[in-house]
Amino acid sequence: MPADPSSGLAGETSARGAGPRPRDAAAQQPRASSTGAIEVRRSARRSRTVSAYREGDRTVVLIPARMSEAEEQRWVGVMLDKLAAQESKRLLGDSDLAERAERLSGQYLEGRARPGSVRWVTNQNTRWGSCTPAEGSIRLSHRLQGMPEYVVDYVLLHELAHLLVPGHGPRFWKLLDGYGRTERARGYLEGVAAAERLPHLPTAREE
């Protein structure tokens, strides 16, 4: 089963069962992402844990040397989401949301969506966000706090689009075409919702 993430200096997670992957112990793999360059560093001394941290505009992911290519790709995604979630916890103020709303509207909606207020609320447990076009108000559920930044941005952009188009028809989804992480964000939220509906089973003890 996948290991539960444990907090470390920059987010360290156990990665048991990494398959063989012959490669130099200190191999590094720079690559690009929507948030900057990603560098994967392999180490023969690292056998079970994966960690990641920001280094300027670069994200460094440390993995065991024998991890397979498929496992590497999966764990890079896991650690990027974990870092993003840690960073999003710093964006808890309503003023921060208002600034993000203005930026998102300018970037994806030509600045046409201009909310009168944007704030966190604690009384939305069945919806991630809501808006009242007549008042120009947008409310995001506090449950989003701590989720990856791209997820919060998606929900905020979704509600901004509702200021322009109330329903969910083709015109509405057309407004979100420019946001490249819509499907990933929707998948993340669907996964969270599905997990909350599952029964809480006792954790099996590993021998």
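Q: Does E110 count as buried or exposed?
A: This is a predicted model, in which local features need pLDDT of at least 70 and side-chain atom pairs count only at pLDDT 80 or more, while totals for chains, interfaces and linings use all residues. Residues are numbered from 1 along each chain as its sequence is written, and side-chain values use heavy atoms, with hydrogens and water left out. With a 1.4 Å probe and protein chains only, buried means under 20% relative accessible area, exposed means over 50%, and partly exposed is in between. Because its relative accessibility is 67%, E110 counts as exposed.

Q: Where is the place of E110?
A: Helices (H or I, at least four residues) and strands (E, at least two) are DSSP runs, numbered from the N terminus. With these names, the place of E110 is in the loop between α2 (94–108) and β6 (117–121).

Q: What phi does E110 have?
A: Most residues other than glycine have a negative phi. E110 is not a glycine, and yet its phi is positive, at about 55°.

Q: In what pattern do the helices and strands follow one another along the sequence?
A: The protein has five helices and eight strands. Read along the sequence, they follow the pattern β-β-β-β-β-α-α-β-β-β-α-α-α.

Q: How far apart in space are L164 and A113, C-alpha to C-alpha?
A: L164 lies in helix α3, and with a relative accessible area of 24% it is partly exposed. Beyond residues up to four places away in sequence, L164 touches L109, R112, A113 and L175. Although L164 and A113 are 51 residues apart in sequence, their C-alpha atoms are apart in space by 6.5 Å.

Q: How many residues apart in sequence are the parts that the pair of Y108 and Y179 ties together?
A: Rings of Phe, Tyr and Trp (its six-membered ring) pair if their centres lie within 6.5 Å; planes under 30 degrees apart count as stacked, over 60 as edge-to-face and the rest as tilted. Y108 and Y179 form an edge-to-face pair, 5.4 Å centre to centre with 85° between the planes. Because Y108 lies in helix α2 and Y179 in the loop between α4 and α5, the pair ties together parts whose separation in residues is 71.

Q: Which helix holds Y188?
A: Y150 and Y188 also form an edge-to-face aromatic pair, 6.5 Å centre to centre and with 80° between the planes. The pair links distant parts of the chain, 38 residues apart, with Y150 in helix α3 and Y188 in helix α5.

Q: Over the ring of which residue does the charged end of R181 sit?
A: A charge sits over a ring if NZ of Lys or CZ of Arg is within 6 Å of the ring centre and within 35 degrees of the ring normal. The charged end of R181 sits 4.2 Å from the centre of such a ring, and that ring belongs to Y150.

Q: Which residues are linked in a network of salt bridges?
A: A salt bridge is a side-chain nitrogen of Lys or Arg within 4 Å of a carboxyl oxygen of Asp or Glu. R100 forms one with E149, their closest N and O atoms being 3.9 Å apart, and this pair links helix α2 with helix α3. R103 forms another with D153, at 3.5 Å between the closest N and O atoms, and here too R103 is in helix α2 and D153 in helix α3. The residues linked in the network are R100, R103, E149 and D153.

Notes: Contact = heavy atoms within 4.5 Å.
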